[in-house]
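The entries below follow the order in which I looked them up.

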Amino acid sequence: MSLFSPTTVGSIGVRNRVSLAPMTRLRASADGVPGPIVAKYYEQRAGIGLLVTEGVFPSAESKAYPGQPGIVTDEQAAGWAKVADAVHAEGGVVFMQLMNGGRVTHTDITGTDRIVAPSAIAIEGDTRLADGTKVAYPVPHALETEELATVRDEFVAAARRAVDAGIDGVELHSANGYLLHEFLSPASNQRTDGYGGSPEARARFVIEVAQAVVAEVGADRVGIRISPAHNIQDVWEKDDAETRATYEALIAGLAPLGLAYLSVLHADPASDLIQDLRRAFGGTFIVNSGFSKMTTREEAVTAVDEGIADLIAVGRPAIANPDLVTRWEQNADENEVDQASVYGPDERGYTDYPFLEN
């Protein structure tokens, strides 16, 4: 087994053990439709074994950012069908990350009369509207127990729409401070019903969403991403017994489903916590070391060679190098990422990075 050897994700064969990490890119139209530029971006990177898209909103009130794509309307689904076709034409595999932004948004972004979260606790700080204006995060609506089924079913409908559009599978975004992650942390989940108050209760909603999506599209088309103790967007989790108990409860609920993969964002993927979760999950395991530094070729090769993970999720190097796997196989020089253009609106820093010269 090596970084450049083939493997399977669910029941789908992938050509190598590199995965495109899901990253916010914000190039969709104002109504959330991914256009030709989005299809080109993923097509260019189809040599990466498993592509995972940026977070895609499953409902209007779950949209987190201007320029974020959705999978709610027929027009959005048609846009994603063109992405799937472009990737498949190059022999690639693509999963869509389904992301309910939870409280990480504003009603001037969603166009709805509320935003939602497990509890009515706002994030400290500001977000940006489409015109660049900074506004404070509002206090979210704490979802009532009976409202949870609606949110769950939005994930289910989005998964069905994505698969029907030709996307190979979906990833449930349960990381980085968005809605599903908000349920996992006692900092953002202070509920007193059956979905809060204990590790098992905090994990319950994420498990129920996964169960429902699996029932709709099949376990081999469903992955999940988590970020224990990553501490971002006010979802604070200490590296302690409480966090371990929460994620052990989560994995105990997920493992019987036979998901396509578990993807973990953590500063130390070789740590006891992360490797214990891997063993409990028992399936394909993807790691990403986080935002503090970029993954290098050597780190990725070593992680697979030493059995730390089955696939390595790569972020910024894959932004700057659409032919990243070829460069790594040849041990060639890499383009440097232009951080200032990561969230830009057009081709710059998106589809204009050069390939290796033949």
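In which sense do strand β4 and strand β5 pair, and over how many bridges? I find that β4 (residues 50–56) and β5 (residues 94–98) pair in the parallel sense over four bridges. I take two strands as paired if DSSP finds at least two bridges between them. Helices (H or I, at least four residues) and strands (E, at least two) are DSSP runs, numbered from the N terminus.

Source of the model. I note that this is a predicted model, in which local features need pLDDT of at least 70 and side-chain atom pairs count only at pLDDT 80 or more, while totals for chains, interfaces and linings use all residues. Residues are numbered from 1 along each chain as its sequence is written, and side-chain values use heavy atoms, with hydrogens and water left out.

Strand β4 and its partners. I looked up single bridge partners next. Gly-55 has Gln-97 of β5 as its bridge partner, and Val-52 stands opposite Phe-95 in β5.

The barrel. I traced a closed barrel of eight strands in the order β3-β4-β5-β10-β11-β12-β13-β14, with parallel pairing. Its neighbouring strands are turned by 25 degrees against each other on average, direction ignored. For such angles, axes are lines fitted to C-alpha atoms, for helices over the stretch in contact, and values run from 0 to 180 degrees between N-to-C directions.

Ser-19. Which residue of β4 is the bridge partner of Ser-19? I find Leu-50 there. Ser-19 lies in β3 and counts as buried because its relative accessibility is 2%. Beyond its neighbours within four places in sequence, Ser-19 is in contact (heavy atoms within 4.5 Å) with residues including Ile-48, Val-52, Ile-286 and Ala-313. Ser-19 and Gly-92 are 73 residues apart in sequence, and their C-alpha atoms are 11 Å apart in space.

His-173. Is His-173 buried or exposed? I record it as buried, because its relative accessibility is 4%. His-173 lies in strand β10 (residues 169–174). Its contacts outside the four places on either side in sequence include Gln-97, Tyr-178 and Arg-225.

Helices. I compared the length of α6 (residues 199–217) with expectation: at 1.5 Å a residue, its 19 residues should span 27 Å, and the end C-alpha atoms are 28 Å apart, which agrees. The expected span is 1.5 Å times one less than the number of residues. I also noted a kink of about 30 degrees in α6, centred on Phe-205; the bend is the angle between axes fitted to the seven residues ending there and the seven starting there. Helix α8 (residues 272–281) lies across β11 (222–226), β12 (261–265) and β13 (285–288), and runs at about 170 degrees to β12.

Key. Buried < 20%, exposed > 50% of the residue type's maximum accessible area, 1.4 Å probe, protein only.
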